[in-house]
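Please open the model in your viewer and keep the selection box handy.

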Amino acid sequence: MRGEEYNLWICSIPGIGIRKLLLLETEIGTPEQIYQAGEAKLVKIKGISARDAHNIVTSRQTFSLDQMKEEMERLDMKCTTWFSAEYPALCRHLYDPPKRLFYRGELPGEQLCMAVVGARDCTVYGRENARRFASVLASAGLGIISGMAKGIDGWAHQGALEGGGRTYAVLGNSAEICYPAEHGRLYQSIVKRGGILSEYPPGTKAAPGFFPMRNRIISALSEGVLVVEARKKSGSLITAEQALDQGKDVFVIPGRLGDTLSEGCNNLIRDGAVLVTTPQDILDYYGIIYRSQTENLKKNKLILERREKMVYANLSLEPKHLTVLAEEVHMDSAEVMRCILSLLKGRLIKEIGNHYYIRNVI
């Protein structure tokens, strides 16, 4: 075996986690040197049991490098280990870093990355803000990292893709499995425009305990974490807490008082997280100069007719039906529809259902 092959071997030994790997590295040296060490030498290391030493020695015969390479090639997958040069530097600062990362696509590079997390059962308000923030931040050059779960995670990835940027998903199962299955197209787009990452080897299905574990990687790879919607007790808050423990920035979009999905967000703000209402707030925080499509939307608003302005003023991120709009602006449905068509053409609003409309806030 050669250098990187020794790395793959040692990180594949059952029962040898990152703590024992670091211990072996300190006491013996490189994976190649560990490979050459005898069982008697291994068992003398404090923290390495006789069973550990036996597993290390026997794995030299049972580990099939060719089989592993064939499997990863079949899945179009790569693997980086703690001992590899391309291992993400930000993960090295974790208390319990992953000993290896399997990935499809690419690993996050040197660009500044922002994690976007939130509720799976998000509202339209949360969905549109996740897309809005991720799209603008991605357009400004930030990588967007999330967990590809239903709800906010998925919409954040989608927003990043719409903004023409790069996005990365850290999964709670192995990297070749698309979970949830409904995100099949999104999964393929992320592989092409970013990467799918997992610390779990091929064939590992999703399990409840894996999701909190992957959250530490999401926050580690990011400069900051943006929480869009979160219940009082949720996985998003776990990610935010881990980010704080790692010394990362935590940004929060505020929600309405009394909304269950806003309790966690508002509590974070109360406890000192940074309140943000526009993507520019985050860009300003990091000193990033960027001119978004908002400039064009503002110009479009200035040339609206009086009735179009009335219709636009009565819309928000909460979906509103055509008939409700007609009642509120005291116009007949046909006239309101004419205004809506003009606003849609100007990209100031968008339709999200059968005659339900919201503002386009990008």
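The tour below moves from stop to stop, with something to select at each one.

**Before you start**

This is a predicted model, in which local features need pLDDT of at least 70, side-chain atom pairs count only at pLDDT 80 or more, and totals for chains, interfaces and linings use all residues. Residues are numbered from 1 along each chain as its sequence is written, and side-chain values use heavy atoms, with hydrogens and water left out.

**The whole protein**

Begin with everything shown as a cartoon. Along the principal axes, the C-alpha atoms fill a box of roughly 85 × 45 × 35 Å. The protein has 362 residues, and 50% of them count as buried. Here buried means under 20% relative accessible area, exposed over 50%, and partly exposed in between, using a 1.4 Å probe and protein chains only. Take the contacts (heavy atoms within 4.5 Å) between residues at least 6 apart in sequence: 71% of them join residues at least 24 apart.

Next, select Tyr179 and Phe211. Their ring centres are 6.1 Å apart and their planes stand at 40°, so this pair is tilted. Rings of Phe, Tyr and Trp (its six-membered ring) pair if their centres lie within 6.5 Å; planes under 30 degrees apart count as stacked, over 60 as edge-to-face and the rest as tilted. Tyr179 belongs to the loop between strand 5 (167-170) and helix 9 (184-192), while Phe211 is in helix 10 (residues 210-220), so the pair ties together parts that are 32 residues apart in sequence. Tyr179 is partly exposed at 44% relative accessibility, whereas Phe211 is buried at 17%.

The peptide bond leading from Tyr179 to Pro180 is cis, with omega near 0°.

Then show Tyr6, Trp9 and Tyr35, which form one aromatic cluster. The whole structure holds 8 aromatic pairs.

**Two backbone stops**

Asp76, in the loop between helix 6 (65-74) and strand 1 (78-81), has a positive phi of about 55° although it is not a glycine. Move on to His355, in the loop between strand 11 (349-353) and strand 12 (356-359). Its phi is also positive, near 65°, and His355 is partly exposed, with a relative accessible area of 30%.

**Helix 15 and helix 17**

Finish by colouring helix 15 (residues 306-313) and helix 17 (residues 333-345), whose axes come within 9 Å and cross at roughly 85°. The two helices are therefore roughly perpendicular. Show the side chains of the contact, including Val311 and Tyr312 of helix 15 and Ile340 and Leu343 of helix 17.

How values were computed. Helices (H or I, at least four residues) and strands (E, at least two) are DSSP runs, numbered from the N terminus. Axes are lines fitted to C-alpha atoms, for helices over the stretch in contact, and angles run from 0 to 180 degrees between N-to-C directions. Angles under 35 degrees count as roughly parallel, over 145 as roughly antiparallel, 65 to 115 as roughly perpendicular and the rest as oblique.
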